[in-house]
2 protein chains.
Amino acid sequence: MNYKSQLHHFALSAASRLIRLQLAEYQYDFTLINHFPWKRDENFLAINPSGSLPVFQFNNDIIISGSRAISEWIEETTATSRLLAGSSMHRAEIRRLLDWFEDKFYYEVGLPLLHERVIKRFESGADASSVIIRTALSNAQVHFEYLNWLADQNNWLVGTQLSLADFSAAAHISIMDYFGDIQWDKYPAAASWYMKIKSRPCFRALLSDQLMGVTPSSHYAELDF
Amino acid sequence: MNYKSQLHHFALSAASRLIRLQLAEYQYDFTLINHFPWKRDENFLAINPSGSLPVFQFNNDIIISGSRAISEWIEETTATSRLLAGSSMHRAEIRRLLDWFEDKFYYEVGLPLLHERVIKRFESGADASSVIIRTALSNAQVHFEYLNWLADQNNWLVGTQLSLADFSAAAHISIMDYFGDIQWDKYPAAASWYMKIKSRPCFRALLSDQLMGVTPSSHYAELDF
């Protein structure tokens with residue numbers, strides 16, 4: 001494929017990473033445009049008034065905002081789509097887990113960690129609150145126990161086929177892993193699931209991400225961790 | 001239709017109201033099961049481990065959790081479905097706005113207001129924080145300006161047909177209106193849009209909702225306000 005497509009993203013935005021994984025899995029050709037949540041950008045607000053990421057510009061004329069709208073659009077319009085397949089009930093289960101990560105995990109774990117460790121620092125130079133970080137890491141345990149249980153049931157999070165649920169979970173978890181926040185030895189089934197998805201070609205670009213001034217954990221890019 | 005279906009909901013949960021509107025619009029026969037966000041309910045957690053509302057039990061054997069998964073499932077499986085219709089691009093626009101309300105509006109406006117005014121009181125008896133309420137009401141202005149602009153462009157929020165975007169927006173706004181928080185005279189196009197959707201038969205059940213100890217605003221159930 002050779003479209004002029006662009007994804008407006010932020011390297012440590014999990015919702016952006018979900019779409020990067022999905023686009024790369026289907027071998028879309030696209031350019032990444034960097035945005036930073038702590039910088040107001042009037043040109044970007046003209047494209048997406050909510051100001052949130054990601055935004056996908058396909059072929060210069062189609063503009064889609066938000067990870068759920070983009071991911072559904074890609075599944076609807078890609079001839080080889082297979083990440084939201086199966087019966088309506090199966091699709092409902094994929095969407096339930098996608099929401100679990102995009103919503104519950106993000107607000108209970110991902111956003112507080114990102115805000116304390118990165119956004120606050122760049123926005124105002126303020127120190128991270130250790131109380132907020134401790135609460136988020138404690139919340140994370142429940143999520144990892146559930147993920148570990150899911151990964152132990154099947155090949156993938158929903159049944160035997162890779163789906164958007166795996167990409168959403170992996171996208172969110174990859175940010176925590178960037179910070180070295182995951183006690184992988186406590187969650188062996190989740191660890192093998194993550195190693196499997198991390199080894200896919202579509203994951204490669206994420207593993208070479210580096211945010212200036214924020215160093216990834218030593219094992220972040222290792223496939224055997 | 002005569003299925004044994006149940007919707008687990010909370011009267012002032014906007015996500016639950018979105019599904020109540022959609023089910024009523026398609027004339028599904030269903031029973032409401034009340035839950036209260038401040039009460040832990042192990043039986044309910046066995047159905048939906050995330051603990052969030054709504055959850056739809058269809059015909060006693062299908063269980064779907066979360067407003068997005070449920071709303072997509074209803075559209076996929078209802079013969080007369082028409083609330084997520086049109087081209088993929090049009091559907092992406094409906095989903096973008098649905099996300100705007102389910103996510104952005106909810107976390108910036110709806111949840112803080114509900115938490116301060118209702119959840120905190122029932123959970124711990126604590127007083128509402130006037131600072132948090134003021135911030136949420138100030139955030140609401142941006143949302144209402146945008147809604148007013150959208151309502152002024154077309155018959156409905158996305159084009160000329162009623163869609164899930166209208167139901168999601170109306171569900172969230174109906175909670176604010178329950179509390180009498182909306183300065184309708186400042187947003188005339190949004191007000192006529194809301195009056196139009198409020199007059200639909202599917203809206204009726206919402207207008208007779210009463211949460212014990214929390215009285216709705218005087219105009220809440222009026223069709224001409």
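The model is predicted. Chain A and chain B bury about 2,200 Å² between them. The contact draws on 25 residues from chain A and 25 residues from chain B.

**The interface between chain A and chain B**

- Carbon and sulfur atoms account for 57% of the buried area of about 2,200 Å².
- On the chain A side, A:Arg68, A:Glu76 and A:Met89 stand out: they supply 21% of the area that chain A buries against chain B, more than any other three residues.
- There are 8 salt bridges between chain A and chain B.
- One salt bridge joins the side chains of A:Arg68 and B:Asp99, at 3.4 Å from N to O.

**Where the chain A side comes from**

- Three elements of chain A each supply at least two residues of the side that touches chain B: strand 4 (62–65), helix 3 (67–77) and helix 4 (88–124).
- Helix 4 of chain A gives the largest share of that side, with 11 residues.
- Sorted by class, the side of chain A that touches chain B has 11 nonpolar, 5 polar and 9 charged residues.

**Two helices packed within chain B**

- Two packed helices are described by the angle between their axes and the distance between the axes.
- In chain B, the axes of helix 1 (residues 14–25) and helix 3 (residues 67–77) come within 9 Å and cross at roughly 10°.
- Angles under 35 degrees count as roughly parallel, so helix 1 of chain B is roughly parallel to helix 3 of chain B.
- Helix 1 of chain B makes this contact through B:Ala15, B:Leu18, B:Ile19, B:Gln22 and B:Leu23.
- Helix 3 of chain B answers with B:Ser67, B:Ile70, B:Ser71, B:Ile74 and B:Glu75.
- By class, this helix contact has 6 nonpolar, 3 polar and 1 charged residues.

**Backbone details**

- In chain A, the peptide bond from A:Leu53 to A:Pro54 is cis, with omega near 0°.
- A:Pro54 sits in the loop between helix 2 (42–47) and strand 3 (55–58) of chain A.
- In chain B, a cis peptide bond joins B:Leu53 and B:Pro54, with omega about -5°.
- B:Pro54 lies in the loop between helix 2 (42–47) and strand 3 (55–58) of chain B.
- A:Gln27 is not a glycine, yet has a positive phi of about 55°.
- A:Gln27 is found in the loop between helix 1 (14–25) and strand 2 (30–34) of chain A.

Methods. Residues are numbered from 1 along each chain as its sequence is written. Chains are lettered from A and ligands numbered from 1 in the order in which they are written. This is a predicted model: local features need pLDDT of at least 70, side-chain atom pairs count only at pLDDT 80 or more; totals for chains, interfaces and linings use all residues. Side-chain values use heavy atoms; hydrogens and water are left out. Contact means heavy atoms within 4.5 Å. Buried area is the accessible area (1.4 Å probe) that two parts lose on being put together, summed over both. A salt bridge is a side-chain nitrogen of Lys or Arg within 4 Å of a carboxyl oxygen of Asp or Glu. Helices (H or I, at least four residues) and strands (E, at least two) are DSSP runs, numbered from the N terminus. Ala, Val, Leu, Ile, Met, Phe, Trp, Tyr, Cys and Pro count as nonpolar, Asp, Glu, Lys and Arg as charged, and the others, Gly among them, as polar. Axes are lines fitted to C-alpha atoms, for helices over the stretch in contact, and angles run from 0 to 180 degrees between N-to-C directions. Angles under 35 degrees count as roughly parallel, over 145 as roughly antiparallel, 65 to 115 as roughly perpendicular and the rest as oblique.
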